[in-house]
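Hello,

Please find the structure below. My notes on it follow.

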Amino acid sequence: MHRLLKRQLKRHHQGTVPEAFRPLLQAISDAYEQADVDREMLERSLALTAEELLERNQRLSQHLLEQQKAQSDLVASYEILDATLNASKEGILVVSANDDRPIAVNKHYLFLMGLSEERISHMNGAELFRNSFLQLFEGEQLYDQLKEMHRNEQGSHRIYPMRRGGWLEVYAVKHPVAGYIWMLRDISEIREKEETITYQAQHDSLTGLPNRVLLQDRLELSIHRAQAQHLRIALCYIDLDGFKTINDSLGHASGDKLLIEVAQRLQQAIKVQDTLARVGGDEFVVIMDDINGQDEVLQRADAMLEALMPPVELEQRSFFVGASIGIAMYPNDGEEPGLLMRNADIAMYRAKANGKNCFHFFTPSLERIAQHRLQMETELRKAIEQDLLELHYQPKVFLQNSVRGIRTGQLHSFEALLRWQRPDGSFVPPESFIHIAEESGMIAQIGQLVIEKACRQARSWLNEGYESNISINLSPRQFLIPGFHEDIVDTIRSYGIPSSMISVEITESLLMQDLVSARGVLEYFRAHDVFVYLDDFGSGFSSLNYLKTLPVDAIKIDRAFVRDLSTSSADRAIANTIITLGKQLNKLIVAEGIETIEQANFLIDSGCDLAQGYFYGRPVNGDTARHYFQLNPVRPSALAKPGASE
Amino acid sequence: MLFTSADPTAAIHNLTQLFPATPLCGCSSSGEIQQQRVLDNSTVLTVLRFAHTRVQLVTESVNGMADSYQAGARVAQQLRQDDLRHLLVFANGISVNGSQLVAGLNQTLAPFSRISGGIAADGERFRHTWLYTADGRFSHHVCGIGFYGQHLQVRCGSYGGWDPFGPRRRITRAQGNRLYELDGICALDLYEKYLGDYAQQLPASGLRFPLLISGDDNDPVVCSVLGIDWQERCLLFGADIPEQHYAQLMRANVDRLIDGAHTACEQISQQSQDVPEFALLISCVGRRAIMQQLIDEELEAFSETLGASIPVSGFYSYGEIAPNCGVGKCSLHNQTLTITTFTEHTACIDC
């Protein structure tokens with residue numbers, strides 16, 4: 001029975017409950033129980049529901065917080081994106097694929113397309129497209145780009161010239177979420193720089209002429225055209241004569257001025273359609289397209305030389321610039337650029353060898369010469385490496401008896417002569433290889449080798465008690481090496497020998513080359529007791545003027561005059577005149593190439609001071625030369641100064 | 001018609017002997033209704049006699065739950081005639097999917113929707129239900145009685161009186177009439193939590209918390225727990241539980257249920273002021289579990305509203321079949337009081 005009913009019975013009814021009421025009481029008890037169950041269940045479900053709802057509420061709150069955080073993150077990231085977009089130097093536009101409206105655009109896009117934020121906000125994709133179309137040249141290409149963007153997942157990329165100038169790079173790509181993305185970049189500056197770089201890479205910065213790279217291109221192009229149209233081309237290789245001298249003596253600034261002047265003159269001398277290129281320091285190349293025949297080339301090469309003829313004014317002085325031109329013709333002398341250039345170069349060398357300021361056409365024989373020269377060059381290089389070059393010594397002897405006990409034929413000094421003995425024992429004469437050494441830049445090395453060997457020999461003789469002078473020959477090219485004269489004096493000193501034991505022989509052509517700097521060098525030698533011979537006198541453009549003023553100690557009469565002394569009265573007169581002149585100028589006179597007694601006697605009678613030649617002694621090696629000391633020893637102090645022959 | 005929670009074998013035998021030509025049908029129940037009283041362990045027999053109305057009865061077996069729809073369709077097919085006035089349906093509970101059965105009936109008879117009836121019950125045991133006809137008793141069957149003619153007026157009313165409470169939960173896992181998960185949580189766990197100690201009395205105690213199932217487009221439906229699969233830990237309902245629809249627990253008190261009975265009666269009187277000659281009351285076993293001793297009051301709601309002299313019979317069921325609110329589309333209901341009244345007029349009604 002329900003406890004509440006029990007309690008009610010206890011309170012309101014004493015004694016036992018009559019049997020008839022028992023079902024009723026049971027029903028009441030059941031109803032109470034039922035009510036309890038109902039209440040309990042209700043309370044329970046209310047509590048659970050409250051709990052559940054609280055939990056859900058909490059979850060919702062949490063969710064809301066997360067949502068808010070996500071929202072603010074989204075705002076922040078949108079701001080970052082916006083800032084990033086606007087910081088970009090690229091113009092960016094995103095058009096929605098759904099409603100054809102711009103959904104993202106940065107400031108640079110507005111700038112590039114000449115739009116305002118206000119204006120773009122009212123535009124759709126088609127209007128934006130039209131605007132772009134109006135901003136660009138070749139705007140119709142935009143249609144192709146649009147198609148390509150739809151077709152190609154990688155997007156589409158084009159470059160357009162802008163109507164307001166400059167270049168625009170346009171990249172368009174379709175994105176499944178974003179829509180159509182257009183990226184614009186003003187590449188005007190890059191284009192300009194690229195063009196400048198390309199220009200610089202293809203042009204000589206000094207003269208503005210095409211350089212070797214562009215020349216190659218043009219030549220290929222010309223050949224291609226000539227091939228197709230059966231035309232002829234002339235390739236002229238131009239090398240300035242004596243440019244290096246000017247460059248070294250007046251400095252690079254003047255040298256540059258000269259090159260600019262030369263470039264301008266050549267440019268004016270050629271046709272507009274020809275290509276003039278600078279391919280080296282003082283080397284130029286001209287491509288002449290569509291040549292009718294050799295005569296035409298000849299005329300035009302002449303015109304170029306003529307253009308260079310007027311003197312160039314540099315530092316208030318006039319300089320004459322000549323040029324040697326080698327010409328190779330397409331297709332006869334070569335059908336590809338490399339060969340044509342090489343053959344023109346070979347022809348140029350021949351022009352130079354022919355006496356400069358002229359031109360020469362390439363011929364197959366020139367090629368053979370060039371090949372020979374190349375072989376010689378290689379061999380010479382090897383010879384220097386293997387120390388196959390050695391000095392031989394030819395005696396110079398007194399011709400006049402003197403009051404100081406000197407007798408005719410007595411040893412005066414030696415001239416050192418360079419000998420190259422090949423491994424097979426054969427000798428290469430100096431005239432066969434010295435010019436190669438000069439042209440290939442080996443002359444400095446050989447010059448140093450000669451002075452070293454001469455000094456070593458002098459030192460060796462001195463150690464044995466023989467004090468004799470050795471003269472060495474200087475190449476005009478050596479004068480172009482800055483400070484070479486100081487090197488010579490330094491080398492003499494380094495061997496601990498008196499500088500009077502070494503003398504130098506120079507040629508007239510050297511003086512022609514650059515009188516001013518030659519004078520300085522000669523004065524330096526004189527100041528250091530280095531005796532100077534003027535070699536081959538009378539063979540070239542001898543100038544009596546410089547003979548008067550130059551610090552030259554001795555004059556060597558060219559062997560050409562000595563050879564025919566016995567048969568040619570003219571040569572006898574010349575020899576006599578030179579001897580008389582030398583004596584008047586207080587120079588020592590040396591006759592070379594004496595081979596007969598008649599020649600010797602004539603010179604003795606003429607009052608010539610010294611003689612050199614097979615008649616008195618062939619060139620011999622250092623060891624053999626010692627023999628002359630034993631015959632007739634002479635001290636350098638006895639070396640005759642001008643007038644000493646008295 | 002015969003409703004019983006006892007064994008009616010002998011009674012059926014006698015009846016078929018006495019009235020061999022009279023169609024007979026009925027079912028097992030969770031309590032029988034006779035006038036304003038609810039009986040247990042009794043058999044209530046109702047004899048309907050018509051002057052102008054034809055009656056046809058068909059019985060169909062249901063071959064498994066999955067055949068429920070087709071069984072409904074078969075019954076409807078056999079009873080479909082132009083002058084079909086009303087269709088009364090009784091079916092086994094537990095072995096038949098009531099909502100599929102009704103769907104089969106609806107689909108075949110559409111737009112006809114004058115269908116009512118109930119699902120056989122088994123007290124609060126939820127084990128075996130029976131369908132009775134002159135041929136004996138059946139466990140997997142459906143039986144339909146067609147009423148034909150122009151003179152019969154049938155009215156229906158149906159109302160529950162339950163209130164949803166607590167959160168709406170998404171049905172995250174269900175299959176047919178089996179419910180596994182709500183909001184990703186085991187639905188049986190949820191029932192056990194809410195029932196506390198009474199969880200031991202499942203599935204009977206589950207009647208206290210029917211579910212209001214609502215989808216996106218159809219009317220909310222009330223569903224009662226009719227069984228538990230302890231192995232799979234899922235709840236069995238009398239109707240399909242669609243995944244992704246929403247479910248909300250419902251509760252009721254005696255007063256709200258009695259109010260619900262009044263509403264069902266009012267639906268009848270709103271359709272016509274005529275006094276019915278007979279009323280068939282089918283109410284849910286879940287209502288009885290709540291109202292207990294006060295269960296008579298929902299029957300008295302009928303006599304108070306429509307009159308005490310009207311003959312009434314019926315039973316407590318595992319599911320009620322009736323047009324929504326008495327006049328709409330026919331559905332399977334749970335936790336309602338469903339009323340079907342019969343009045344035969346002398347004159348042709350629609351003429």
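Helices (H or I, at least four residues) and strands (E, at least two) are DSSP runs, numbered from the N terminus. With that naming, Pro203(B) lies in the loop between α4 (187–195) and β17 (211–214) of chain B. A cis peptide bond joins this proline to Leu202(B), with omega about 5°.

Two notes on conventions. This is a predicted model, where local features need pLDDT of at least 70 and side-chain atom pairs count only at pLDDT 80 or more, while totals for chains, interfaces and linings use all residues. Residues are numbered from 1 along each chain as its sequence is written, chains are lettered from A and ligands numbered from 1 in the order in which they are written, and side-chain values use heavy atoms, with hydrogens and water left out.

Other backbone points

Chain B has another cis peptide bond, between Ala110(B) and Pro111(B), with omega about 5°. Pro111(B) sits in the loop between α3 (98–109) and β8 (115–119) of chain B. In chain A, look at His230(A). Its phi is near 55°, a positive value in a residue other than glycine. His230(A) belongs to the loop between α8 (212–229) and β6 (233–241) of chain A.

The interface of chains A and B

Chain A brings 16 residues to the contact and chain B brings 19 (contact means heavy atoms within 4.5 Å). Together the two chains bury about 1,500 Å², with 53% of it on carbon and sulfur atoms. Buried area is the accessible area (1.4 Å probe) that two parts lose on being put together, summed over both. Met41(A), Glu52(A) and Arg56(A) supply 34% of the area that chain A buries against chain B, more than any other three residues.

Glu52(A) also forms a salt bridge with Arg169(B), at 2.4 Å, N to O. The rule (a side-chain nitrogen of Lys or Arg within 4 Å of a carboxyl oxygen of Asp or Glu) finds 3 salt bridges across this interface. On the side of chain A that touches chain B, 7 residues are nonpolar, 3 polar and 6 charged. Here Ala, Val, Leu, Ile, Met, Phe, Trp, Tyr, Cys and Pro count as nonpolar, Asp, Glu, Lys and Arg as charged, and the others, Gly among them, as polar.

Best wishes
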